[in-house]
Amino acid sequence: VTERFVHVAPELSLNFGTGDGWSYLSGGIGPSRWSIVAEGSADSPANSERLRTINYGGGARWFAKRHLAFSLDVRFYALDPGTPEPGRPGGPRTTLLIIGGGVSVK
């Protein structure tokens, strides 16, 4: 199975903190595409449908040293339901949770 999620949206972000570390809350709305294709199966039109998606979440970045920071982001993506196809129901309203972490160098 191959799963792919693509989302593009403008966001509004509220930041709290200093240059040594900060946290934020953010959210936005825009189109997304979510496809799940089983190996050996043909792609379906539902996999290319643009779904209205609201994203919201928050995170933080902390500098452990002057030029080294660690970051964490927790984000929810609320996808509208997909359009039904002949002989198939539409996709359900879905909420995805994506947690990301990383290292930054300043």
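**View 1. Salt bridges around D80.** D80 and R93 form a salt bridge with closest N and O atoms 3.1 Å apart, where a salt bridge is a side-chain nitrogen of Lys or Arg within 4 Å of a carboxyl oxygen of Asp or Glu. Both D80 and R93 sit in the loop between β5 and β6, 13 residues apart. The model is predicted: local features need pLDDT of at least 70 and side-chain atom pairs pLDDT 80 or more, while totals for chains, interfaces and linings use all residues. Residues are numbered from 1 along each chain as its sequence is written, and side-chain values use heavy atoms, without hydrogens and water.

**View 2. The R75–D73 salt bridge.** The side chains of R75 and D73 meet at 3.3 Å, N to O. R75 is buried at 6% relative accessibility (buried: under 20% relative accessible area; exposed: over 50%; partly exposed: in between; 1.4 Å probe, protein chains only).

**View 3. Surroundings of K106.** K106 lies in the segment after β6 and is exposed, at 58% relative accessibility. Beyond its neighbours within four places in sequence, K106 contacts G19, F63, R66 and H67 (contact: heavy atoms within 4.5 Å). K106 and P45 are 44 Å apart, C-alpha to C-alpha, and 61 residues apart in sequence.

**View 4. I29 in strand β3.** I29 lies in β3, residues 21–37 (strands: DSSP runs of E, at least two residues, numbered from the N terminus). I29 is partly exposed, with a relative accessible area of 43%.

Conventions: Helices (H or I, at least four residues) and strands (E, at least two) are DSSP runs, numbered from the N terminus.
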